[in-house]
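Please open the structure in your viewer and keep the selection tool at hand. Each stop below says what to select and what is there.

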Amino acid sequence: MARGIDVIIRIGGEGGEGVISAGDIITQALARCSMEIYAFRTYPAEIKGGHAVYQVRASDEMLLSQGDGIDVLVAFNQEAYDRHVAELKPPGILVYDTDAFEPPAEFKGIRYGAPISTVTREKVGSNLTKNIVFVGVVAELFGIPLDRFEELLKQRYGKKGAEAMEKNLVALKAGAEHVREHIVKQDAIKITPRERAPRLVVSGNEALSIGAIAAGLKVYAGYPITPASDIMEWLAKELPKFGGSVVQTEDEIAAIGAVLGASFAGKKAMTATSGPGFSLMVELLGLATMTELPAVIVNVQRCGPSTGMPTKTEQSDLGLAIYGAHGGAPRIVMALSSVEDCFYGIIRAFNFSERFQVPVVVLSDQYLGHRKASINIPDLSQVQIEERAKPTVEELQAYRRYRMTETLVSPMAIPGEMRACYTASGLEHDEAAALNHEPANHQKMVAKRFKKLDAIKHMTGLARRYGVDDPEVAVIGWGSTEGVIREAVDLAQRRGIRVGALHPKVISPLPEDDIRSFLKTVKKVIVPELNYDGQFAKWLRGFFDIDVVSLAKAGGAPFSPKEIVDKIEEVSRNVHTTAVPGV
Amino acid sequence: MAEITLYRSKVKPDWCPGCGDYAVLNALQKAVADLDINPKDILAVSGIGCSSNLPGFLNTYGFHGLHGRSLPIATGAKLANHDLTVIATGGDGDGFGIGLGHFVHTVRRNVDILYIVMDNQVYGLTTGQASPTTEKGTKTKSTPGGVIEFPVNPLALALVSGGTFVARGFSGEVNHLTELIKQGIRHKGFALLDVFSPCVTYNKHNTYPWFKERVYKVEDEGHDASNMEAALQRAGEWDGRIPIGVLYQAERPTYEEEELALQAGPLVKQPLGLAGRESVLLEFT
């Protein structure tokens, strides 16, 4: 079968001009034409001003990354042209506002200029709809049926009243009409809507929020922070409909405090934050470990340290997620790898936290949290919900909260439900929850808290394999890089390189058995990650005697497939030309 | 009415002989016994400090958390199951120092929690440093030249933060204290009960005799607890006479009453998950 359409459209403009909403609308319309979607946005930290970018890749085949370069650049202004024109791939399609700028003579691509500002003023009479005129132009140029947009605009602006919606519809049509009357199409991109099973178009943060309710979330506590706030906002709107409560606390310390209180009282609870908030939470994270309470803490990572770059992506909180908190405080650390995995991964996080009675730190990042993808509609009736072990009636006669069981997980009494009064404490305690400062008891209880998680090391299905079965060169990544790694592996295989990839979903404890079995034939491992110091590469080296090549870059922008495939080629050449590993 | 012994755990309090906290513990046990609350329905949450050890001495559920963080934990527990009687306890350092931010916000949130602060105006567990309620000029281990800062006034702070129950008790008046605890538990909304609970080891200034000479009961003097201005005026009294009793009480819907999700009953009794609730996905198709 000949490869169908695979087009990357990037929209750039001034923050506040509607770049992001234009991108969202185009993305959703493309999805309604049954295209596969891979979209992300990056925007300035300021509310107005600064440069905003939205990029959507649409294809009729499964998409794994944002791709390399761009096919269509929609430039709201000169700055957008200047910043992005270098990435335009031939033939290089430029859609722009002739009222804003003219590209220089040396631009050799296809020019689709339209006096967007004039059209907006004359046909709509409102400057606010400039972005929708752009949408109309794009739709008409590439054959996206207008009716797909009309429904969307009604859903999106219908709430704001008939007048607002009408203006947007007029704007959409004005853009399309201008193309029909004044522009001669010179490129071959044509979207062909197809019939297919309906799909969801969701962002990572949205998929995570839906998954959390599906997993049994009852209490969400949070504090606003970019890029995690939309989790709280969506849950505030939806969770009460499903018998759950959202509280916006005074800070992140209170947020995780409320989570622990709710969990102690018997309910599944979650908070979501980003690096700065997560830093504040670590003392209570240690308390959750000590009191053996289930809790889910989501960290949608952004560039750090400190305030860093709030709207830009990075994977630099791994060390903090694994070790953050004083005094040997084991927890489970999971990393979400795709938009779909945000739904299923958060369910696993809740289930693991209940099964092991332990806090689970779930790492996402700005790129994953804010990008949209089309995913299969999950079957909500098939979601398995696990709950913590509770004591039996006999056990309640002489209840010991931290009893040493075979799994080292102890049945947990719930206030109000059963007569098993005990006090959970951050002070060291014995099996009966009585305070105990004896070194021997401490050794025993620390071991309990660590060793109850050992089961994860031997579980299968927590790391996904890709590529050839017996690779010499392998890529092991974590978190949001899974798709781009797969695309790079595909490209490398087409260039004749035998390469495989492994993507662990649980980062601590690592699923060691699966990783060992994968590593049997591997001579070198490439570890791509978006942080400066190669945090995952170091973590892996601590467990496995392997030759690791760290492909670490400080975040801000995600990897492109090319960056990874180039490294695979280079390492593959080395494996075959040098006898000494690591040189 | 239940037996007071029902609420005693096997753990003997580790407080110094003569510590004001014994009276608070006894008054609390007497109060919940008088109100006949089943121990399994009581959750005592605390922070860190001498007084924060109190939940361990109760035969109820307890959560001995982190320094300054009792109120967020209590809030989360109450949201999860608002049928529980949630009582937060702690000291002045815990509540008005490291936990002051949570205090103000929990007051204005008006979650139905009783917060008993055993206020001894000193850090006892760490052996005698100045606390946020230590009087200006007092010499302590950390302030050998005398405290420079002005003390926090917890009652006034609660009043101006939208508090709906603002009261003060004294360990030397245990029957009065018991009644205040009962009122605080019965009050719908956040109840602050600041208790003068003398530290006999590290505070040689604010002693039992010192308080006995000064405290008076506001109800004996015709105080109108619905009058915010009168409450504020009494909250400011310190030099000379010091008021105890309920300074202010008002009716305002609690957080739980206003939270839509909780109106259908406690969250612990509501079904989990989304099976059969596919409509949640519609906005994304």
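Predicted model: local features only at pLDDT ≥ 70, side-chain atom pairs only at ≥ 80, totals over all residues.

**Stop 1: the domains of chain A**

Select chain A and colour it by domain. The domain assignment places domain 1 at residues 6-182 and domain 2 at 203-382. Domain 3 then covers 389-452, and domain 4 covers 458-579. Now select domain 1 and domain 3 of chain A: their C-alpha centres are 59 Å apart.

**Stop 2: where chain B touches chain A**

Show both chains. How many residues of chain B are in contact with chain A? There are 48 of them, and they touch 65 residues of chain A. The size of an interface is often given as the accessible area lost when the parts come together. For chain B and chain A, about 4800 Å² is buried between them, with 66% of it on carbon and sulfur atoms. Select B:Tyr61, B:Leu272 and B:Phe284, the residues of chain B that lose the most area to chain A. Together they account for 17% of what that side buries.

**Stop 3: polar pairs across the interface**

Between chain B and chain A, 19 residue pairs are in polar contact, both residues being at pLDDT 80 or more. Which elements of chain B give two or more residues to the side that touches chain A? They are β2 (61-64), α2 (70-80) and α4 (100-109) of chain B. Select α2(B): with 6 residues, it gives the largest share of that side. By type, the residues on this side of chain B divide into 25 nonpolar, 15 polar and 8 charged.

Next, look for charged pairs. Side chains of opposite charge can pair when their charged atoms come close. The count of salt bridges between chain B and chain A is 2. Select B:Arg109 and A:Glu250, whose side chains meet in a salt bridge with an N to O distance of 2.7 Å.

**Stop 4: strands that pair across the chains**

Select β15 of chain A, residues 423-425, together with β2(B). In which sense do these two strands pair, parallel or antiparallel? The pairing is parallel, over 3 bridges. Within it, A:Ser425 stands opposite B:His64 of β2(B).

**Stop 5: a salt bridge inside chain A**

Over all chains, the whole structure has 52 salt bridges. For one inside chain A, select A:Lys89 and A:Asp71, where the closest N and O atoms are 3.9 Å apart. A:Lys89 lies in β5 (88-97) and A:Asp71 in β4 (70-75) of chain A, so this pair ties together parts that are 18 residues apart in sequence.

**Stop 6: backbone details in chain A**

Select A:Gly304 and A:Pro305: the peptide bond between them is cis, with omega near 0°. A:Pro305 sits in the loop between β11 (295-301) and α11 (318-323) of chain A. Another cis peptide bond joins A:Ser508 to A:Pro509, with omega about -10°. A:Pro509 is in the loop between β19 (506-508) and α16 (512-519) of chain A.

Finally, select A:Ala325, in the loop between α11 and β12 (332-335) of chain A. A:Ala325 is not a glycine, yet its phi is positive, about 120°.

Key: Residues numbered from 1 in each chain as written. Chains lettered and ligands numbered in written order. Heavy atoms only, no water. Domains from an automatic or database assignment. Contact = heavy atoms within 4.5 Å. Buried area = accessible area lost by both parts, 1.4 Å probe. Salt bridge = Lys/Arg side-chain N within 4 Å of Asp/Glu carboxyl O. Polar contact = N/O pair within 3.5 Å; in protein donor to acceptor, adjacent residues only side chain to side chain. Helix = DSSP H or I, 4+ residues; strand = E, 2+ residues; numbered from the N terminus. Nonpolar A, V, L, I, M, F, W, Y, C, P; charged D, E, K, R; others polar. Pairing = 2+ DSSP bridges.
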